[in-house]
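User: I have this one open on my screen. Can you walk me through it, strand by strand and helix by helix?

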Number of protein chains: 2
Amino acid sequence: MSQQRQGNAPGNAGAVPAFPDLPEATIARLPEYLRALHNLAENGSDTISSEGLAAAAGVNSAKLRKDLSHLGSYGTRGVGYDVALLVDQIEYILGLDQRRAVALVGVGNLGHALAGYDGFASRGFRIVALFDADPALVGETINGLVVRHIDELSRAVVEEGIAIGVIATPAGAAQGVADELVAAGVTSILNFAPCVLSVPAGVDVRKVDLAIELQILSFHEHRKASLTALPGGRGASTVEGANQEAVGS
Amino acid sequence: MSQQRQGNAPGNAGAVPAFPDLPEATIARLPEYLRALHNLAENGSDTISSEGLAAAAGVNSAKLRKDLSHLGSYGTRGVGYDVALLVDQIEYILGLDQRRAVALVGVGNLGHALAGYDGFASRGFRIVALFDADPALVGETINGLVVRHIDELSRAVVEEGIAIGVIATPAGAAQGVADELVAAGVTSILNFAPCVLSVPAGVDVRKVDLAIELQILSFHEHRKASLTALPGGRGASTVEGANQEAVGS
DNA sequence: CGCGATTTGTGCACGCCTTCACAAGCGCCT
DNA sequence: AGGCGCTTGTGAAGGCGTGCACAAATCGCG
């Protein structure tokens, strides 16, 4: 590894290990590696081989090694990777060393569940504010947080230092909420509403559409069915095996 | 377009428009096109240009045209695409003409919300059975469905003709549930549990991990912050604009 | 009927990502 | 100390996906 930490900050004394620019595909897999590593750490493993970690994360071992090499991580040849060290490295890269504050807008059916979802708290995030436009929901307490009216969003974002917003409103309200989030200073949005958001440059949007995932599965069902129905079709056994397609680009 | 509907079933008289093998990337975008088309249809549009539809779906128009050309779809040069026809084509390809039956396992926090999520019903899916292992939850009625014990899963899958299962259990229980689903005959699984599932060939798995999406956003936050902090950093304005990264491979 | 405006469908080139295969490095055992 | 086995890190090749740019096709109008 010749060029880890390529110094784009010339005079910096190495205090901040300047930011490597990782391929998007790699970034999307890092959280999965992190989860697998936490599992391994709980089971008492000190080191793990690329083969082992790859299996735990559901990817090819060559891919895993290349991913890790991108972030300049040191494994030890003949031994493997130090689990604790790798956890720290990945958490640092992902910016999870600081527990990030998240605002959630829309506490309807889905939003309510997200507000109570353990997985966020246990993986580096704190939902610090809930908002809704419906007066009937404002005031309700969910998981220790009081739902506030969306008009208070702007102030809360500033006061709590919120950089990430989650939209769990109906599609019709999503763009308006996104605009308010951006105006308040939020620079990353996770959108559960089934619609395209338009945001200014510098704001990142990721979209999760639950129905789309089912529709993709439906396509494969349809394909499998039409294969088995074909005269010469060899049935579903022609499909490649054990494909674990992770979501997220 | 010379080779639409390449007849892999030689003697078939065209009754079944033999299955084109679309690129995965295209498949993942079809549901988004479909959603945009439904919106357009509601607004009374009869035809739509590739430019217009691309904007509504948040993609490049060239990409959209290439995607649609893959499924042998007919647009009219100088005019655009027939909205109703395109809806039918995409719904057929995705296998949404038949409302697919879905089983949902795990009605905890997240599962409860999924069971009540309108977006499934309105886009071609019927959740027909709910299961949980916790006796305290069995018997509860959610959205008109009674939660059954997971032991009844196998019978229900057969009786109701269920081909798609959704796992919304804790990570520890997910692999066991997946095994039972597969044993019962389910061939597609949507997994919300944060773990890797291992399934036999011929079974498709898609994974949605809500925390992972946030972690990817967190990375970009971290990156943006480190850029603005840099001596020569030109701030967040260097990021490419309005990037709408859709989730799903 | 012919022409211009418009829009689709696609050949092509480029870049990203994946995968293979192997050299380089590390630790352990004798 | 030396050799052997194991594992990482990476060069190179191949495949896939994207986006440009343009030819082909269709409609409307004079």
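User: How do β5(A) and strand β7 of chain A pair, and over how many bridges?
Analyst: This is a predicted model, so read everything with that in mind. β5(A) and β7 (residues 145-149) of chain A pair in the parallel sense, over three bridges.

User: Which residue in β7(A) is the bridge partner of A:D132?
Analyst: A:H149 is the bridge partner of A:D132.

User: And what joins strand β4 of chain A to β5(A)?
Analyst: Six bridges do. β4 covers residues 100-105 of chain A, and the two strands run parallel. In that pairing, A:A103 has A:A129 in β5(A) as its bridge partner.

User: How many residues of β5(A) are buried?
Analyst: Six of the eight. The strand spans residues 125-132 of chain A and is mostly covered.

User: Switching topic. Where is A:N143?
Analyst: A:N143 sits in the loop between β6 (141-142) and β7 of chain A. Its phi is positive, near 55°, and the residue is not a glycine.

User: Why is A:N143 classed as partly exposed?
Analyst: Because 13 other C-beta atoms lie within 10 Å of A:N143. Buried would need 20 or more, and exposed would be 12 or fewer.

User: What about phi of B:N143?
Analyst: B:N143 has a positive phi of about 55°, and it is not a glycine either. It is found in the loop between β6 (141-142) and β7 (145-149) of chain B. B:N143 is partly exposed, with 13 other C-beta atoms within 10 Å.

User: Next, the three-strand sheet in chain A. What order do the strands take?
Analyst: β1-β3-β2, in an open sheet with antiparallel pairing. β1 (47-48) and β2 (75-76) of chain A stand at the edges. Each has a single partner strand, so one side of each is left without a neighbour in the sheet.

User: How many bridges are there between β2(A) and β3 of chain A?
Analyst: Two, in the antiparallel sense, with β3 at residues 80-82 of chain A. A:T76 has A:G80 in β3(A) as its bridge partner.

User: Which helix lies across β1 and β3 of chain A?
Analyst: Helix α4, residues 83-93 of chain A. It runs at about 65° to β3(A).

User: Now chain B. What is the order of the strands in its three-strand open sheet?
Analyst: β1-β3-β2, with antiparallel pairing. The edge strands are β1 (47-48) and β2 (75-76) of chain B, and each pairs on one side only. Helix α4 (residues 83-93) of chain B packs on the sheet and touches β1 and β3 of chain B. Its direction makes about 70° with that of β3(B).

User: Which residues of α4(B) are buried?
Analyst: B:V83, B:L86, B:Q89, B:I90, B:E91 and B:I93.

User: What do the buried residues of α4(B) pack against?
Analyst: Elements from two chains. They pack against α9 (210-229) of chain A, together with α1 (24-42), β1 and β3 of chain B.

User: What follows α4(B)?
Analyst: B:G95, with a positive phi near 75°.

User: Let's look at β9 of chain B. Which of its residues point one way, and which the other?
Analyst: B:S188 and B:L190 point one way, while B:I189 and B:N191 point the other. All are buried. The strand covers residues 188-191 of chain B.

User: How does β8 of chain B run relative to β9(B)?
Analyst: Parallel, with four bridges joining the two strands. β8 is residues 164-167 of chain B. B:V166 stands opposite B:L190 in β9(B).

User: Which helix makes a β-α-β unit with β8(B) and β9(B)?
Analyst: Helix α8, residues 171-184 of chain B, and the unit is right-handed.

User: In which sense does β9(B) pair with β10 of chain B?
Analyst: Parallel, over four bridges, with β10 at residues 204-207 of chain B. There, B:S188 stands opposite B:D204.

User: Last one. At what angle do α7 and α8 of chain A cross?
Analyst: At roughly 40°, with the axes coming within 9 Å. That makes α7(A) oblique to α8(A). The crossing is right-handed.

User: Which residues meet there?
Analyst: From α7(A), they are A:L153, A:S154, A:V157 and A:V158. They meet A:E180, A:A183 and A:A184 in α8(A).

Terms used
Residues numbered from 1 in each chain as written. Chains lettered and ligands numbered in written order. Predicted model: local features only at pLDDT ≥ 70, side-chain atom pairs only at ≥ 80, totals over all residues. Pairing = 2+ DSSP bridges. Right-handed = clockwise from strand over helix to strand, strands pointing away. Axes fitted to C-alpha atoms, helices over the stretch in contact; angles between N-to-C directions. Parallel < 35°, antiparallel > 145°, perpendicular 65-115°, else oblique. Left-handed = near helix turned anticlockwise from the far one by under 90°. Contact = placed C-beta atoms within 7 Å.
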